[in-house]
Structures are given as C-alpha cells and as structure tokens.
Amino acid sequence: MTTRRQPFGRTLCAMITPFTEAGTLDVEGARRLAARLVAEGCDGLVLNGTTGESPTTTDTEKAELIAAVRETVGDGVPLVAGVGTADTRHTIELALAAEKAGADGVLVVTPYYSKPPQEALEAHFRQVADASELPVMLYDIPGRTGTRIEPETMIRLAGHPRIVAVKDCSYDFLGTQKVLAHTELAYYAGCDEHVLALYAVGAAGCVSTVANVVPGRFAAVLDAFDAGDTARATELQLRATPLIEAMMGAGLPGAVTAKALLGELGLPAGPVRAPLLPAGREAADGLLALHEELVSGSRTAAPSGRR
C-alpha cells in the first residue's frame with residue numbers, strides 16, 4: 001500500500017459553525033457537533049473555513065470556537081483553523097490567534113477579489129507560514145477566489161518547511177497530479193465528488209462538507225480502498241453522488257445545505273448569517289430524502305475487507 005503523508009489525519013470535516021436562533025455563536029452546539037463528527041468517522045476537523053461562514057464570524061468568535069472544540073475533542077484530533085483573508089496582515093493575526101487557541105494547523109485560502117499575480121501570491125503564503133509555528137494547508141479554490149495557485153507556484157511553496165498540505169478545489173486533475181509527482185505535499189480533496197479519485201493517485205484524504213451530515217461515509221470509502229477492495233470503494237463513493245450533488249452542486253452554498261440538513265436531523269446548526277439565506281422548504285425536504293436514502297442503503301455497505 002502507498003505510504004501517505006497525512007499531517008492532519010485522513011478524513012476531515014469542514015465543520016459548519018453552529019449559531020443560536022438569535023444568531024450568536026452556539027458554543028455548546030459546536031461542542032456536540034464536533035464530538036459527533038469525531039465519534040462517527042472524522043479523524044480531523046477544519047474550523048472557521050468558508051463552510052464555517054468565516055467571512056461573517058468575528059475574530060473573537062473564531063478563537064472561541066477553536067478553544068471550545070479543542071477542549072471537547074482532546075489533543076488527539078487534529079484541528080485545522082481557517083485563517084485566510086484578502087489581507088495578509090489580518091491573515092497573520094488570525095494564524096497567531098489560532099495557534100494560541102489550540103489549533104494544530106492553519107488553512108490559508110488564496111486572497112480573493114484582488115487577484116494577486118503568482119509572485120505576490122507566493123509571498124503572501126510565505127509570510128503567513130513564517131509568522132507562526134503551525135503547519136500550513138494551502139487552499140486552492142479559484143472558482144471562489146478568482147486566482148489559481150499555479151502548479152509551478154505550488155511546487156516552489158512546497159520547499160517551505162511549514163507548508164505541508166493542500167486542500168484541492170482546483171478542478172485541474174492534471175495540475176494536481178503534476179504537484180503530487182514533484183513534491184511531498186499532502187493533498188486533501190476539497191470537492192466531495194473527487195475524494196476517491198484523488199486518493200487513488202496518492203492524496204492524503206479529504207476535507208469534506210458533506211461529512212457534516214454523513215461523518216462516516218468517506219472514511220468507509222477510504223477504508224475500502226486501503227483494504228484493496230476498490231470495487232466497494234467505488235460503490236460507496238458513487239452511492240453518495242445524489243447527496244453530494246444536492247449539497248454542493250445545486251446552486252446553494254455548502255454552509256446553507258449542510259445547516260438545513262443538520263437542522264432537519266435535529267443536530268446543532270442554527271441559521272446562516274447574511275448575506276446567505278436559509279434553504280427553502282422544498283430544498284430541505286429534498287436533502288432529507290436523499291440523506292435517508294443514502295443512510296438506509298449504507299446499513300449493508302461496510303467494506304468487505306477483500307484484498
């Protein structure tokens with residue numbers, strides 16, 4: 001079996017940030033949700049990412065969330081804190097605050113809107129990596145930020161001792177393989193539909209939004225693959241496609257669909273913050289139906305262990 005570098009675990013959830021009905025941070029809800037995610041299959045958590053509505057949470061809320069989840073899950077579960085902003089100085093401040101609050105690493109997204117050229121982009125990531133002692137996961141999602149971390153830039157950044165991983169939402173499978181072939185960066189699939197495909201060419205695992213509602217799904221996919229049962233791994237991945245599409249490809253942000261479905265399941269979530277709007281009744285009902293279909297079909301879908 002391929003030896004994989006997995007600095008933050010293998011199956012990470014991009015956790016939503018629960019809010020109370022009044023719209024404030026729901027610390028106790030976050031504790032309960034984090035404990036459930038870990039108990040049911042996630043071996044790492046990403047907090048304060050965009051699924052966690054980081055653009056609309058305060059710096060104080062971000063630090064409070066990290067500290068509460070750290071206390072809840074203990075030291076054995078890697079916590080990666082989203083700290084990326086469009087401002088290098090603010091990103092560094094958030095990285096230092098995350099380190100103080102108990103994070104094990106930071107997720108740094110490409111600065112958005114300003115569309116920095118590759119030289120400036122590289123300088124931004126290096127400055128953030130130099131600012132704290134925490135290892136860095138780069139977040140490549142040009143569809144949201146407007147700027148790709150080009151493979152050549154990624155290869156240069158891999159030489160930094162604290163830049164160790166990538167959350168990959170580039171939708172450039174060839175470019176991803178090029179970086180995998182030339183570096184030791186640990187790649188995590190950031191698109192739920194790519195979890196098995198990227199793992200098959202040497203990725204470390206995934207950072208999944210869909211894991212908020214089915215925490216064990218991608219752990220089962222990767223368990224089957226690791227056991228040599230690629231047919232079962234494929235089956236488990238493909239069975240999740242309708243829910244993945246509804247949550248991530250139907251026009252609503254993942255934070256909206258994840259919170260809607262968590263609410264339907266009676267789990268901590270609460271409202272989204274403006275400018276996001278909640279999912280409508282029809283969307284929520286559709287998500288719940290797809291979840292029930294997937295979960296009922298999963299009862300006999302454990303990996304066979306065949307090698």
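Modeller: Let us begin with helix H9 (residues 217-226), which is mostly covered, since seven of its ten residues are buried. Buried means under 20% relative accessible area, exposed means over 50%, and partly exposed lies in between, with a 1.4 Å probe and protein chains only. Helices (H or I, at least four residues) and strands (E, at least two) are DSSP runs, numbered from the N terminus. This is a predicted model, in which local features need pLDDT of at least 70 and side-chain atom pairs count only at pLDDT 80 or more, while totals for chains, interfaces and linings use all residues. Residues are numbered from 1 along each chain as its sequence is written, and side-chain values use heavy atoms, with hydrogens and water left out.

Colleague: Which residues of H9 are buried, and what follows the helix?

Modeller: Arg217, Phe218, Ala219, Ala220, Val221, Leu222 and Ala224 are the buried ones, and after H9 comes Gly228, with a positive phi near 90 degrees.

Colleague: How should I read the pairing of strand E6, and which strands does it pair with?

Modeller: Two strands pair if DSSP finds at least two bridges between them. Here strand E5 (residues 136-140) runs parallel to E6 and is joined to it by five bridges, while E6 and strand E7 (residues 186-189) are also parallel, over four bridges. From E6 the chain passes through helix H7 (residues 173-182) to E7 in a right-handed β-α-β crossover; right-handed means that, with the strands pointing away from the viewer, the path from the first strand over the helix to the second runs clockwise.

Colleague: Is strand E6 enclosed or open?

Modeller: Six of the six residues of E6 (residues 163-168) are buried, so this strand is largely enclosed by the rest of the structure.

Colleague: What does the side chain of Arg10 contact?

Modeller: A polar contact is a pair of N or O atoms within 3.5 Å; within protein, one must be able to donate a hydrogen and the other to accept it, and residues adjacent in sequence count only if both atoms are side-chain atoms. The side chain of Arg10 makes such contacts with the side chains of Thr11 (3.5 Å) and Asp223 (2.7 Å). Arg10, found in the segment before strand E1 (11-14), is buried, with a relative accessible area of 12%.

Colleague: Which residues touch the most other members of the largest nonpolar core?

Modeller: A nonpolar core is a set of buried Ala, Val, Leu, Ile, Met, Phe, Trp, Tyr and Cys residues joined through side-chain atoms within 4.5 Å. Of the 79 residues in the largest one, Met15, Leu45 and Val69 touch the most other members. Apart from that core lies another of 18 residues, among them Leu12, Val80, Leu107 and Val207.

Colleague: Is Glu53 buried or exposed, and is Lys115 buried or exposed?

Modeller: Glu53, not a glycine, has a positive phi of about 60 degrees and is buried at 3% relative accessible area. Lys115, likewise not a glycine, has a positive phi of about 50 degrees, but counts as exposed at 54% relative accessibility.
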